[in-house]
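I opened the model to go through its sheet, helices, pocket and backbone. My entries follow the order in which I looked.

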Amino acid sequence: MNPVKPGETPRTPWIVGVSGASGTPYAAAVLRALLAAGESVDLVVSRASRLTLLDETGISFRDAHWQADLREWLSRGADGKPDTFSVGLDAVRHWSAGDLAAGPSSGSYPTKGMLIVPASTASVAGVALGLSKDLLQRAASVTLKEGRKLIVAVRETPLNGQTLRHLVTLDDAGATVVPASPAFYAGATHIQDLVDFVAGRVLDAAGVPHTLYRRWQGELGGGAHRAG
């Protein structure tokens, strides 16, 4: 496990909020990498994201069976193939999206920060406007007011002026906006490589170590060599 820093408790988690935008494989990759890095995770899966997860994977995420459903989700590759990954869930705590009395709804609840992956335009607007309609939005608002890291992996295209203004508002408030835009210089040969690149950039913004993608070394042709 990572060493305890001043102001943290033995379990000081990252909150991971999953909104209803397309891109549930991004969330899965981030969750797997956080757990692999020895981090604790508090998970909030919005109501809308459960519909997206069902559509993209066929998995129904249920509060009463969240461990089994999460294990099935995280074990799948970005191509939908089951049993691609093996993940332990001992460091994960799940909070229902409708539970506004949950730990992450209060600033006195210690966390390292929050990652919204993927972030829908609706969740971006809700956080930017301080609506706190559900636990995801409330936890993000708390993260900002406490001066903790908030990383918003927005996944939408095209972006209209209203959403761009909301993103600027979040940036002004101290959040880091990480568009879910995969790059190709790392020599991607599989859809998982593209997903892992975005997940890796999210974790870079959070300061969490990982080995999800090949970093740029200043040498042209490295990606092409790998792909070949």
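Where is the place of Pro118? I found Pro118 in strand 4; I take helices (H or I, at least four residues) and strands (E, at least two) as DSSP runs numbered from the N terminus. The peptide bond from Val117 to Pro118 is cis, with omega near -15°.

Source notes. I am working with a predicted model, in which local features need pLDDT of at least 70 and side-chain atom pairs count only at pLDDT 80 or more, while totals for chains, interfaces and linings use all residues. Residues are numbered from 1 along each chain as its sequence is written, and side-chain values use heavy atoms, with hydrogens and water left out.

Backbone. I noted another cis peptide bond, between Thr157 and Pro158, with omega about -5°. Pro158 sits in the loop between strand 5 and helix 6 (161-172). I also looked up Asp83, which is not a glycine but has a positive phi of about 60°. Asp83 belongs to the loop between helix 3 and strand 3. For background, most residues other than glycine have a negative phi, and most peptide bonds are trans.

I traced six strands in an open sheet, ordered 3-2-1-4-5-6, with parallel pairing. Strand 3 (92-96) and strand 6 (176-177) are at the edges with a single partner strand each, so one side of each has no neighbour in the sheet. Two strands pair here if DSSP finds at least two bridges between them. Strand 4 (residues 113-119) and strand 5 (residues 149-154) run parallel and are joined by five bridges. Leu115 stands opposite Ile151 in strand 5.

Helices. I saw helix 4 (residues 121-129) lying across strand 4 and strand 5, at about 145° to strand 4. Axes are lines fitted to C-alpha atoms, for helices over the stretch in contact, and angles run from 0 to 180 degrees between N-to-C directions. Helix 1 (residues 24-36) packs on helix 3 (residues 66-75) at about 100°, their axes 9 Å apart. That makes the two helices, helix 1 and helix 3, roughly perpendicular (65 to 115 degrees). In contact (heavy atoms within 4.5 Å), Thr24, Ala27, Ala28, Leu31 and Arg32 of helix 1 meet Leu70, Trp73 and Leu74 of helix 3.

Pocket. I recorded a volume of about 260 Å³ for the largest pocket. A pocket is an open set of points on a 1 Å grid over the protein atoms alone, where a 1.4 Å probe fits, with protein on both sides within 12 Å along at least five of seven lines; lining residues have an atom within 4 Å of a point. The largest pocket is lined by 16 residues, and Ser46, Ala48, Ala122, Asp134 and Gln137 lie nearest its centre. Helix 2 (47-57), helix 4 and helix 5 (135-145) each give two or more residues to this lining. Helix 4 gives the largest share, three residues.

How values were computed. Points joined across faces, edges and corners; volume = space filled by probe spheres on them. Parallel < 35°, antiparallel > 145°, perpendicular 65-115°, else oblique.
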